[in-house]
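Take a look at the fold below.

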Amino acid sequence: MSSFLYLTISLDRTPERWEAFCTRFVQEMGFAPQRLSAVDGLELSERRLQALQSVESSSIVARELSRGEIACYLSHLKACETLLESDSEWALVMEDDVFFLEGARDWMSNPDWIPEGVDIVQVASYKPEAEVCQVLCSTCKQLKQGGELIQMMEPVSWGTQAYWINRRAAQALLDLPEPLVGPIDHVLFDQTWTYAKALNVYTLSPFVAYQDFDSSKSLIEQERWAGKTFEAKRPSWWERKVVKRFRKYKTYQAYKREALHD
C-alpha cells in the first residue's frame with residue numbers, strides 16, 4: 001500500500017472544476033488523484049453553523065466565520081479523517097483550483113524529501129509569482145534538492161491550496177475542540193497560535209503551486225469570503241512585537257543591499 005495519498009477537495013455541484021483539475025494534475029503527475037467531496041456550505045443548517053462559531057471563544061479572528069469558511073474548514077477535516085482511515089502516513093491535500101508551476105512534480109509526487117520531524121508543509125500560494133522573501137521566520141531548513149523550508153512568523157502565509165500533512169498533524173487537527181477558532185489556513189499556518197506551535201509546520205520556498213483568482217474563480221474560495229465582515233481589533237502585544245521586529249529586519253536587509261552596491 002502507498003505510504004501517501006493525493007486528496008483533492010471538490011464540490012459535488014461543480015463537476016467541470018474537477019474535470020479541469022484532473023487534466024492539469026494528470027499532465028503534471030502522470031496519474032489520477034483521489035477526489036474528496038467537499039462540505040457544501042449551502043447545505044449546513046443554521047443550528048450547525050452557530051454551534052461551530054463563537055466570536056467570544058475565538059483566539060485568532062475577532063469576527064464570526066462565514067458559511068463558506070466553516071464549510072472549507074470541515075472539508076479539510078474530512079481530508080484528515082480520510083488519511084487516518086487509511087494505512088498511509090502522509091497526504092497531499094489540494095483544492096481543485098490549484099495550478100502547478102514548473103518542477104512541481106519533484107515536490108508534490110511524494111513526500112520523501114520532507115525532513116524527519118516535520119508535520120505539515122505548505123507548497124502553494126495565491127499567485128504564481130509569489131515567493132517567500134523578506135519575511136520574519138523562526139526556523140529555516142535548507143533542502144538538499146534546493147529551496148528551503150521556513151516557519152513564517154510575519155507575514156503569515158495564508159491559503160490551503162496544497163499542503164502535505166502527516167497522521168500526527170491530522171489527528172491533532174481533529175482533536176481541536178469546537179467551536180472553530182478561525183479559518184482553516186489561520187489554524188494550520190499561524191505560527192503564533194496553539195496548533196502550529198505544538199507541531200512542526202513549514203512553508204516551502206519557493207512555492208511550486210498556486211491559486212490564480214483571475215483565472216480559476218474558485219467557488220470554494222468565493223463562498224468562503226462571501227458575506228464576511230471585519231471588526232477592528234487591537235493587535236496583541238505579541239503581534240505588535242512581531243511587526244516591530246519584521247520592520248527592523250526589512251530595514252537591515254535594505255542596509256545590506258545598499259552596502260553591497262557601494
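In the protein chain, take the contacts between residues at least 6 apart in sequence: 81% of them join residues at least 24 apart. Keep in mind that this is a predicted model.

The chain holds ten helices and eleven strands. It has 262 residues, and 51% of them are buried. Its accessible surface comes to about 13,100 Å². Carbon and sulfur atoms account for 51% of that surface.

Three strands form an open sheet in the order 4-11-6. The pairing is mixed. Strand 4 (99-100) and strand 6 (124-125) each have a single partner strand, so they stand at the edges, with one side of each left without a neighbour in the sheet. Strand 4 and strand 11 (residues 209-210) run antiparallel, joined by two bridges. Here Phe99 stands opposite Tyr210 of strand 11.

**The second largest pocket**

How much space lies in the second largest pocket? The volume is about 210 Å³. Its lining has 15 residues. Tyr73, Leu176, Pro177, Glu178 and Leu180 lie nearest the centre of this pocket. Helix 2 (46-52), helix 3 (67-85) and helix 5 (167-174) are the elements that each give two or more residues to the lining. Helix 3 provides the largest share, three residues.

The table sorts the lining residues by kind.

| Kind of residue | Number in the lining of the second largest pocket |
|---|---|
| Nonpolar | twelve residues |
| Polar | one residue |

Note on methods. Residues are numbered from 1 along each chain as its sequence is written. This is a predicted model: local features need pLDDT of at least 70, side-chain atom pairs count only at pLDDT 80 or more; totals for chains, interfaces and linings use all residues. Side-chain values use heavy atoms; hydrogens and water are left out. On a 1 Å grid over the protein atoms alone, a cavity is a set of points where a 1.4 Å probe fits but cannot get out, and a pocket is an open set with protein on both sides within 12 Å along at least five of seven lines; lining residues have an atom within 4 Å of a point. Grid points are joined across faces, edges and corners, and a volume is the space filled by probe spheres set on the points. Helices (H or I, at least four residues) and strands (E, at least two) are DSSP runs, numbered from the N terminus. Ala, Val, Leu, Ile, Met, Phe, Trp, Tyr, Cys and Pro count as nonpolar, Asp, Glu, Lys and Arg as charged, and the others, Gly among them, as polar. Two strands pair if DSSP finds at least two bridges between them. Buried means under 20% relative accessible area, exposed over 50%, partly exposed in between (1.4 Å probe, protein chains only). Contact means heavy atoms within 4.5 Å. Accessible areas come from the Shrake-Rupley method with a 1.4 Å probe; for residues, only the protein chains shown count as cover.
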